[in-house]
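Below is a short briefing on how one protein chain packs its residues. Keep the sequence and the structure in view while reading.

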Amino acid sequence: MPILVTTPNGTVGRYLTEALRDRSDVRFLVRSEAGAKALGKVRGEVFRGDVTDAADIRGAVAGVDRLYLAHPFTEDQVAAETNLGLAAIEAGARRIIKLGARAFSGDGIVPDAVISAHDTITERLRSAGVPELTVLQPDRFLQNFLPAAASIAKGTLADPAGPGARGYVDVRDIAEVAIAELLAAHPIGGEIEISGPQTLTLPVLCERFGAVLGRPVRYVDIPLDGAWRAALADRGITPQVIDGLQGLYSNYRQEGVAGLGDGVQRVLGRPPRSVEDFTTDLLMPACPVPDPARAAAVVDCGP
């Protein structure tokens, strides 16, 4: 059952790669030599190709039976995922596991480009008649807070998602569900909602981080204003992607309390990983070690 893994160095893909690197029947699609180096040593095939190039796509999907399909939210996401998926179906692929996102519900929700892109891709795959389609629909990734580890270690987490409560999910759970669906003789299929075990507001999430880290962490709300947009633009993010992210975060703020998904329990037969698991295993090692001398000086300064 030859398997193709797209975005094998992505937030979810890297965990799939780690789990599948010793299998000879897995092909990993990377865009560049740097991507191949980041992948590390694998037993299967590393295929270098551009997802916007038709010939590269045909080569990547040749002989593939199962496909893990994912792509970052960019201007070419819909075209890239659709072209890969359709080419795989035409080449005889029987099963596609697509990484999507959890849909919003409730009053005041306005369609945003991020969720709409996933919906468009999914509908095109269904219309093409893929025999077995699984669409993973996770809530917000806990791993997306890792780039803020230095700030968290100093006691602050700034985020624009606002006051609502969400089922923050450890990406390792998403990857394990994806792998189970890829390798199963009979996958569950359909839409699989994935979340953590509880809905948490960002202030409570910070409290949970702090309890494990042994230091207080407070949440700072970032307004979705011009300064926020300018900061993203300074990082090279395009206006179209910024617009999509603004729509996504606006819906986070509007939804209030998100529902929980049962995908981890349903597919893996166990509860989802907790915030404490994530903090102990991944966030704590990413946090800079406090300087004992500096900490003592702070204490000596008094209130």
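**Helix H1 and its cover**

Strand S1 (3–5), strand S2 (26–30), helix H2 (33–39), strand S4 (66–69) and helix H7 (171–183) are among the elements that cover the buried residues of H1. The model is predicted.

- The buried residues in helix H1, which spans residues 13–20, include Gly13, Leu16, Thr17 and Leu20.
- These residues lie on the same side of H1, because they cover an arc of only 100 degrees around the axis.
- An α-helix has 3.6 residues a turn, so residues three or four places apart point the same way.

**Nonpolar cores**

- The largest nonpolar core has 33 residues, and within it Phe145, Leu205 and Phe209 touch the most other members.
- At least two residues of this core come from each of helix H5 (113–128), helix H6 (149–153), helix H8 (202–213), helix H9 (226–234), helix H10 (239–255) and helix H12 (275–286).
- H10 gives the largest share, six residues.
- A second, separate core has 29 residues, including Ala36, Val169, Ala175 and Ile179.
- Leaving out residues up to four places away in sequence, Phe209 touches Leu142, Phe145, Ile152, Leu157, Val275, Phe278, Thr279 and Leu283.

**Aromatic pairs**

- The whole structure contains six aromatic pairs.
- One of them is the tilted pair of Phe145 and Tyr168, with 5.9 Å centre to centre and 55 degrees between the planes.
- Phe145 lies in the loop between S6 and H6 and Tyr168 in the loop between strand S8 (165–166) and H7, so this pair ties together parts that are 23 residues apart in sequence.
- Phe145 counts as buried because its relative accessibility is 3%, and Tyr168 is buried with a relative accessible area of 2%.
- Phe145 and Phe209 form an edge-to-face pair, because their ring centres are 6.1 Å apart and their planes stand at 70 degrees.
- Phe209 lies in helix H8 and Phe145 in the loop between S6 and H6, so the pair ties together parts that are 64 residues apart in sequence.
- Ring pairs also link Phe104, Trp228, Tyr249 and Tyr252 into a cluster.

**A buried and an exposed residue**

- Gln137 lies in strand S6, residues 132–138.
- Gln137 is buried because its relative accessible area of 9% is under 20%.
- Not counting residues up to four places away in sequence, Gln137 touches Gly100, Ala101, Arg102, Glu191, Ile192, Glu193 and Ile194.
- Asp234 lies in helix H9 and counts as exposed because its relative accessibility is 70%, which is over 50%.
- The C-alpha atoms of Asp234 and Leu142 are separated by 24 Å, and the two residues are 92 residues apart along the chain.

Conventions:
Residues numbered from 1 in each chain as written. Predicted model: local features only at pLDDT ≥ 70, side-chain atom pairs only at ≥ 80, totals over all residues. Heavy atoms only, no water. Core = buried A, V, L, I, M, F, W, Y, C linked by side-chain atoms within 4.5 Å. Buried < 20%, exposed > 50% of the residue type's maximum accessible area, 1.4 Å probe, protein only. Helix = DSSP H or I, 4+ residues; strand = E, 2+ residues; numbered from the N terminus. Contact = heavy atoms within 4.5 Å. Arc of directions from axis to C-beta. Phe/Tyr/Trp six-rings, centres within 6.5 Å; stacked < 30°, edge-to-face > 60°.
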